[in-house]
Amino acid sequence: MVARETASTIFALATPASASAAALLRIAGSQARVLAQKFCGSDWKRRCVQGSIRLPIGTVPCIAWLMPAPHTLTGRDTLEILVPGNVEIVRDLERLLRECGCHDAEPGAFTRLAVEAGKLSLAQAEATLALVTSSDEVSRRRALADLGGESARRLTDLAARLRTLSARYEMSFDFSEEEHALAQEDRLSGDLRALLADLRAFVGREGSQPRREFPSVALFGPPNAGKSSLFNALVGQRRALVSATPGTTRDAIEADAVFDGCACKLLDLSGVGAGDADLGRYAPQARQRALAADVLLVLCAPGQAADCAHEFTALTRQDAALRSRALWVQTMSDLAAQEANPCGLPQYAVSAASGQGLAALREQLGVRLGELATGGSTSLLRLNATAALTMLEVAAADPLAPTEAVAADVRRALTLLDQALLNDAPGDVLDLIFSRFCIGK
Ligand SMILES: Nc1nc2c(ncn2[C@@H]2O[C@H](COP(=O)(O)OP(=O)(O)O)[C@@H](O)[C@H]2O)c(=O)[nH]1
Ligand SMILES: [Mg+2]
């Protein structure tokens, strides 16, 4: 599929396929010149031109960027066309491009061309993906470091040290004098441990995997606990319906929110427990979503402590670990003084009305979400560095391991690092990597 693309001209929509101010279509390949002439009557020089395109829907204005090979990301002639972001216009234009012999790009096709043209390392290509999909500060920082080549430089240094160490291990077999050999082994294992510490720092948190979606923060509590009011205060705009009538929030309401650089999905759940106007119709669903939350805010208005404690305790019977994910939030602190919570959870007092206590709660949410942030990226660079780390840790942890066995592990770990750094991945690994990209990247 990608082989076909290398011989042809590919195109893809680089902006979301929905109504917007403008839509950007990317075209790479030999047809780009022909199309630039057709749409803008332009000779093929690197520049930005205005033109128009005749489509079945009518003649639409466009702005085109002409980028001649080889000084483009893909190494090929590239044309980028900006048209009004109307779904029909985009559909017509895509049809026209197909008629002109262009092919729909596979996911990640542009980035793959860039890698194949030597314009981007595999690590940088993967960083592009990680940056687009990152949901938190840690992942973003890592992706930017990968993209700028900083991670590759760090790993190159580590690989160079490992190469020297590997050579020293190989040479150590030549020492015959018992005493000398022991001193040599001590030095080798000391240097291996030092290198392990640096490799561990590079790999970061253990088992880091990218999250599929934003972590969730759920607002849970009895009707009239002030959930919707706090939800709106945290989101910063009126999204959820606030009412003195219990049971106003029927289904969960969701909004994206960011605390201290960490994105999350904030959930305003319907009320649980006594006083529910819906007689508990929506409560089971609210309890399920509370159990699944990454951070649970147990909301308690003045006088609701017993109700809240009862509900929260019932949840912990299903999942005892929920306690470590939960915070007790006493609401309407403008109306009543803070009371101790019966569940012994970390406690925050807030008022959605006066804004009191919101900053401290936001800060704590930032901390909690930061702890969840794995900074995960399954890039070959990190995958192989992690595999090498595991291999070396096992080797270093066994005091009885013969030097020959440790030397063999050091060699294998080095191969893993080299493989990641030299873009020397097998074809199926490349297919897997690029299949995770979106179309148009
Ligand atoms: N004084 C005061 N009233 C609040 C506060 N937060 C919510 N309320 C009121 O409490 C009632 C219930 O609030 P709501 O957010 O709908 O609660 P929910 O049922 O838990 O979603 C409404 O009349 C709100 O105006 C607060 O911080 N201070
Ligand atoms: Mg509500």
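Which residues line the largest cavity? I looked this up before anything else.

I am working with a predicted model, in which local features need pLDDT of at least 70, side-chain atom pairs count only at pLDDT 80 or more, and totals for chains, interfaces and linings use all residues. Residues are numbered from 1 along each chain as its sequence is written, chains are lettered from A and ligands numbered from 1 in the order in which they are written, and side-chain values use heavy atoms, without hydrogens and water.

**Cavities.** The lining of the largest cavity consists of Cys 300, Ala 301, Pro 302, Gly 303, Gln 304, Ala 305, Trp 328, Gln 330, Glu 339 and Ala 340. I used a 1 Å grid over the protein atoms alone: a cavity is a set of points where a 1.4 Å probe fits but cannot get out, a pocket is an open set with protein on both sides within 12 Å along at least five of seven lines, and lining residues have an atom within 4 Å of a point. Points are joined across faces, edges and corners, and a volume is the space filled by probe spheres set on them. The largest cavity has a volume of about 50 Å³. I sorted its lining into 6 nonpolar, 3 polar and 1 charged residues. Here Ala, Val, Leu, Ile, Met, Phe, Trp, Tyr, Cys and Pro count as nonpolar, Asp, Glu, Lys and Arg as charged, and the others, Gly among them, as polar. The count of cavities of 30 Å³ or more comes to 3.

**Second largest pocket.** I noted a volume of about 260 Å³ for this pocket. Its lining has 15 residues, and Glu 185, Ser 189, Asp 398, Ala 401 and Val 406 lie nearest its centre. Two or more lining residues come from each of helix H8 (178-203), helix H13 (380-397) and helix H14 (403-421). Helices (H or I, at least four residues) and strands (E, at least two) are DSSP runs, numbered from the N terminus. H8 gives the largest share, 6 residues. By class I have 9 nonpolar, 2 polar and 4 charged residues in this lining.

**Ligand 1.** Which residues come nearest to ligand 1? Of the 16 residues around ligand 1 (a heavy atom within 4 Å), they are Asn 224, Lys 227, Ser 229, Asp 334 and Ala 352. The shell divides into 8 nonpolar, 6 polar and 2 charged residues. I then listed atom pairs with oxygen atoms of the ligand. A polar side-chain atom of Ser 229 lies 2.6 Å from one. For Gly 226 a backbone N or O atom lies 2.9 Å from a ligand oxygen, and for Ala 352 a backbone N or O atom is also 2.9 Å from one. Taken alone, ligand 1 exposes 570 Å², and the protein buries 80% of that.

**Backbone.** Most residues other than glycine have a negative phi, and most peptide bonds are trans. I found a positive phi, near 65 degrees, at Asn 224, which sits in the loop between strand S7 (216-220) and helix H9 (227-235). Met 332 has a positive phi of about 55 degrees and lies in the loop between strand S11 (326-330) and strand S12 (347-349). The peptide bond from Ala 69 to Pro 70 is cis, with omega near 5 degrees. Pro 70 is in the loop between strand S4 (58-67) and strand S5 (78-85).

Conventions:
A polar contact is a pair of N or O atoms within 3.5 Å; within protein, one must be able to donate a hydrogen and the other to accept it, and residues adjacent in sequence count only if both atoms are side-chain atoms. Accessible areas come from the Shrake-Rupley method with a 1.4 Å probe; for residues, only the protein chains shown count as cover.
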